[in-house]
Amino acid sequence: MENRKEQSINLQLPKSQTEDTVMNIFKIHLNEEIVELGNEFCKYYYATDESEEDEFFAIVFENSFIPRIDVIDSLAKTPVPGLNNIIAYSVVPISTVKEERLVVIVNSYNINSTLASELQEGMTITLQTVEDMVSAINNILIDLKDKRIFCCNINPSSILMKDGEFYALREFIDTYPNFHQKDQYLAPELIECHKAARYVKNPASDIYALGVSMFEAYTNKQYWNDHLTIYDYNHVRFENSTNKYLLSKVKVPERFKAFLKWTLHDDADVRWKNLNIKEWVGGKNNKSTHESFADTKNIIGFKDHNYSKLKSLAYALYNNWNDSLKFIRDTKLLKWASREQLSTDSLEAIKQIVNKKSESSFVVADTIGSSIKLSKLLSLIDYNGPIRQEGLALSASSIPYIIYYLLMDNNKATIEKVIQIIKDESWEFYCNNINASGHISRADADKFLAYTNIFQSGSAARGIERLVYSLNPRLACQSKLVRGKYVTSIHELLVALDNYAEKYPQNFTIDRHIIAFAAAKLDIKEDFRATILSNFPKFSDHPAIRGLNVIHLLHQYEPNVEVSNICKAISLDLKQMFEDHLHNAEFKKLTISKIEEISTEGDLNQIIHMLSDQQQFIDDYNGYYEACHQAKIIENKIKLLTNQEHIFNNALSLGQKTTVLLSYVLCFIVTVAVII
Amino acid sequence: MSKENIDKNFKFASSLIKVIAVVIALMVLVISRYAFIFFTAAMLPTVFAIFLDKNSHRCLSATICSFNLIGVMPYLIRMWESTSVDYVAKQILADVGTWMVIYGAAFIGQLLYASMPLLIVKLYSAKINLKIAKYEKKYKALHDEWGIDLK
């Protein structure tokens, strides 16, 4: 319990009590929104400090967004030179929406002075400026790598310029990793990924994005726009290799060519690391060997196209999943693969996949089996790629983000796929490739697996919401009951619920999000056991008792939080429940009056104590059923007695018999009298 | 005793009086022809009643037979106690008053059969209503105490 409490305290965010003000210093000007910078997860506003001399940007996040608190906190405490500074952050009551929101204050900058805007204006960037930019951004990436921060959304729009020189790299905490990154800046190992599933814990994708951005900066050409669709561009760049394709388009100095050749390498293993770039900036690694398009001509046909690169084939196979299921049964794939530079183990694995006959005669099972084989095959021919299934590709590290994103999108079918990916430990295909987007550390893998093993669809404490809260410990509670409050701990949850209960005592019903949030914070591995009136499913399954159970548990964990309003709200529900379900009029009246008495005192323990004696409820239950039995008997009797025809016939029969008997008696008397 | 047994016994009881009447008729036949003619004519209401009785327990015929016998019995005893049964039988047969008494008795039986059961029905219904009121009171008490509403 202590350990859990520590974890919870660690999650505590600074909170500002003053409306629209961060840390009592930075005033957010909510009437001055910077629409150009905002996105679906946050809005930007101008902000000023106390002196009102310095101007800042305030990023006001939506409460449904999962902020990278660790990243924000780390960058706020130790700024990275060259990266736009995070000055402060806190949870702030926002007056316009009447909600608490996480707000991050960053240095202001000229939003119209980015590399993208300068290129749009047709400004020429010299090679020296490019080199300075590479040096500065590489240093930022090195500093961020030291802090284990990756995915900086590098592109010309995020590179801030001043007087034609590099000024700073924009903050990248305003969205999920690579969520808003355009395809052309996405490294090949991330290209198939769902937009909310592009998080990788290595700098390879940032280096690729840096390479594309610098190519664009120097040439001011967007060759990807020459293609009808981005899919066509991706096909061409992977078929030729990005570096060869782009370098074939324009002549660049030899030294810059070397930089582009190695930063735009499609293979993340071969792509330059930060150290290589540093050396390049220092004057080393200047030479690039000549490579033509015709270097490799090992071709395989698939769907009216020829493919000569593993990545381009993998990209095509993923995007044409159903056709691929048939294609992988073809032995020409194996022959083609054997001519590629693949390891013996990989070739052997491909051979097994291609040769292996289906073990099931059922069409559906066969399709599922083929899909698994295709996933495995893709991991072999595109060994640095993401985890792929039909219609879904994701990087292993982004599983927490994607599963939450899908929940918000109410996409249950895809959520099930993600859960299956975790259960199948699909990242195992990439366990030896640390640069693969499908790769994940053993610790993270074990954590995901442990959370998924307790998952049980339908359960509130172990359902999908619980999985989301467990995977995303920074996610604020999304319950409608605490809407407007930024709740990240049990303490905050109880306070928020008590506030809600004060305002809306009639609508106080604990929902799945509250239960899931509490279960995740308290690391509960089983469903909430009904401890109150557990012998009565009719009561223990009632929302009022379920709510009482949860609140009781939370209050045991945070006994110092005042919950008098919750008590009153629950008492209202309990009164209604007993009104509806208790039978004995006297007992009902007594119980309800007791609850009314307790609710005025607002003591949760007294309610629990009152309900702890189950015998009185057993007596009520038994008494009721005995009374019902008696009532049924009486009712039947009354029914019988009120049947007029039956009664008349009985009475008439009795009358007739009586008449006969009377006549016999008279006959006997007369006979005796006459004889005597 | 079950209702079926009671019914069976009552059927036997209601038949008994008719059997007695037949036995008397046979005895009278042995004693005097005129007496037998008298008895047969006197018991005509019973004969008719037997044919007309649709009651499952044959109550109508049993009642009329009893009252028929009540009317006939004094005359039979008179014949039995006389020295000449034939003579007395002829006298009785010829007396209009005899037939008025005998058929009158049968008619009284018929009247009794028509009115007595109805009277019993009235009394029985009154008793039932009292019973219903008692049960309803009990039911209401259960309802008030336990909130039962089965109707």
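Student: Buried means under 20% relative accessible area, exposed over 50%, and partly exposed in between (1.4 Å probe, protein chains only). With that settled, is A:Asp163 buried or exposed?

Tutor: A:Asp163 counts as exposed, because its relative accessibility is 77%. Keep in mind that this is a predicted model, where local features need pLDDT of at least 70 and side-chain atom pairs count only at pLDDT 80 or more, while totals for chains, interfaces and linings use all residues. Residues are numbered from 1 along each chain as its sequence is written, chains are lettered from A and ligands numbered from 1 in the order in which they are written, and side-chain values use heavy atoms, with hydrogens and water left out.

Student: Where is the place of A:Asp163?

Tutor: In chain A, A:Asp163 is in the loop between β7 (159–162) and β8 (165–169). Helices (H or I, at least four residues) and strands (E, at least two) are DSSP runs, numbered from the N terminus. The phi of A:Asp163 is near 55 degrees, a positive value in a residue other than glycine.

Student: And what is phi for A:Ser241?

Tutor: Near 80 degrees, again positive in a residue other than glycine. A:Ser241 is in the loop between α6 and α7 of chain A. A:Ser241 counts as buried, at 13% relative accessibility.

Student: How many residues of helix α10 in chain A are buried?

Tutor: Nine of the 10 (residues 310–319), so α10 is largely enclosed by the rest of the structure. The buried ones include A:Lys311, A:Tyr315 and A:Tyr318.

Student: New topic: what does A:Thr129 touch?

Tutor: A:Thr129 touches A:Gly164 and A:Glu165, leaving aside residues up to four places away in sequence. A:Thr129 lies in helix α4 (residues 127–146) of chain A and counts as buried, at 9% relative accessibility.

Student: How many disulfides are there over all chains?

Tutor: Zero, from a search of the whole structure. The test is a pair of cysteine sulfur atoms within 2.5 Å. Take A:Cys42: the closest cysteine sulfur, in A:Cys152, is 16 Å from its own, too far for a bond. A:Cys42 is buried at 1% relative accessibility, and A:Cys628 is also buried, at 15%.

Student: OK, chain B. How many helices and strands are there?

Tutor: Six helices and zero strands. Chain B is more spread out than a compact globule, because its radius of gyration is 24 Å, well over the 15 Å that the globule rule gives for 151 residues. That radius is taken over C-alpha atoms, and the rule is 2.2 Å times the number of residues to the power 0.38. The C-alpha trace of chain B spans about 85 × 30 × 25 Å along its principal axes.

Student: What percentage of chain B is buried?

Tutor: Buried residues make up 42% of its 151 residues. Of the contacts in chain B with a separation of 6 or more, 67% come from residues 24 or more positions apart.

Definitions and conventions. Contact means heavy atoms within 4.5 Å.
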